[in-house]
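Hello,

Here is the structure we talked about handing over. Please open it beside this message, and then read on for what was found.

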Amino acid sequence: HAYNGTVVWRLENVGGDEGEPLKSAIRGDIDFPDAKTKVTLVIQKNLDAALSMSHTINISFKLAPGAEPKGVKAIDVLRIRRPEAQSGEKLLGMQMPIADNNFLIGLMRGDTESRNLALLRTPGVIDLPMQLSDGRLATVNLEKGASGERVFNDAISAWSR
């Protein structure tokens with residue numbers, strides 16, 4: 001079953017701990033009205049040296065009563081593809097569940113960081129593969145569009161300063 005939805009991309013300033021400067025984050029607010037489901041995706045640079053990830057992607061699903069699906073059991077790492085392509089390249093990282101319907105993807109530091117950032121800058125579509133709580137597989141396809149591409153480019157430029 002396919003559900004159509006909308007995504008609004010924006011550049012957001014998120015606060016660090018006390019005394020730390022604000023940092024740029026990419027926020028995608030996704031709405032699937034027919035499925036009674038909202039998804040929030042936040043991508044930001046990781047400044048915590050204790051964590052071995054260059055960037056974090058937090059994905060949370062809000063399911064209204066009567067929503068279809070009933071829940072999300074697991075997600076996979078995001079894939080980036082050109083709009084005409086059937087499949088894309090997977091970002092290099094690992095995903096971990098945080099709480100019910102809430103997940104974190106940590107992108108790898110080191111040699112893979114520039115590859116991941118180049119993929120995030122690529123115009124096109126972001127695919128989020130997942131397993132629903134009833135075991136079915138599903139994918140959320142997010143088009144960046146012109147405004148999304150601007151948000152991604154502005155954030156990645158800010159992160160490299």
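This is a predicted model: local features need pLDDT of at least 70, side-chain atom pairs count only at pLDDT 80 or more; totals for chains, interfaces and linings use all residues.

β2 covers residues 23-32 and β3 covers residues 37-45. Eight bridges join them, and they run antiparallel.

**The open sheet**

Six strands make up an open sheet. Their order is β1-β2-β3-β4-β9-β8, with antiparallel pairing. At the edges stand β1 (6-14) and β8 (93-99). Each has a single partner strand, so one side of each lacks a neighbour in the sheet. From one strand to the next, the twist averages 20 degrees.

**The helices**

Helix α1 spans residues 111-121. It lies across β3, β4 (53-63) and β9 (102-108). Relative to β9, α1 runs at about 120 degrees. Helix α2, residues 145-159, also packs on the sheet. There α2 touches β1, β2, β3 and β4. The direction of α2 makes about 25 degrees with that of β1.

Now look around α1. Its buried residues are Glu 113, Asn 116, Leu 117, Leu 119 and Leu 120. Why do they fall on the same side of α1? They cover an arc of only 160 degrees around the axis, which puts them there. Asp 111 and Ser 114, on the other side of α1, are exposed. The cover over the buried residues of α1 includes β3, β4, β6, β7 (89-90), β9 and α2.

**Strand β10**

β10 takes in residues 125-132. Is it mostly covered or mostly open? It is mostly covered, with seven of its eight residues buried.

- β5 (residues 72-75) pairs with β10 in the antiparallel sense, over three bridges. Here Val 72 has Leu 132 as its bridge partner.
- β6 (residues 79-81) is joined to β10 by three bridges, and the two run antiparallel. Here Arg 81 has Val 125 as its bridge partner.
- β11 (residues 137-143) pairs with β10 over seven bridges, again in the antiparallel sense. Here Met 130 stands opposite Ala 138.

β10 and β11 also form a hairpin, with four residues between them. In the turn, Gly 135 has a positive phi of about 95 degrees.

Best regards

Notes: Residues are numbered from 1 along each chain as its sequence is written. Side-chain values use heavy atoms; hydrogens and water are left out. Buried means under 20% relative accessible area, exposed over 50%, partly exposed in between (1.4 Å probe, protein chains only). Two strands pair if DSSP finds at least two bridges between them. Axes are lines fitted to C-alpha atoms, for helices over the stretch in contact, and angles run from 0 to 180 degrees between N-to-C directions. Contact means heavy atoms within 4.5 Å. The arc is that of the directions from the helix axis to the C-beta atoms.
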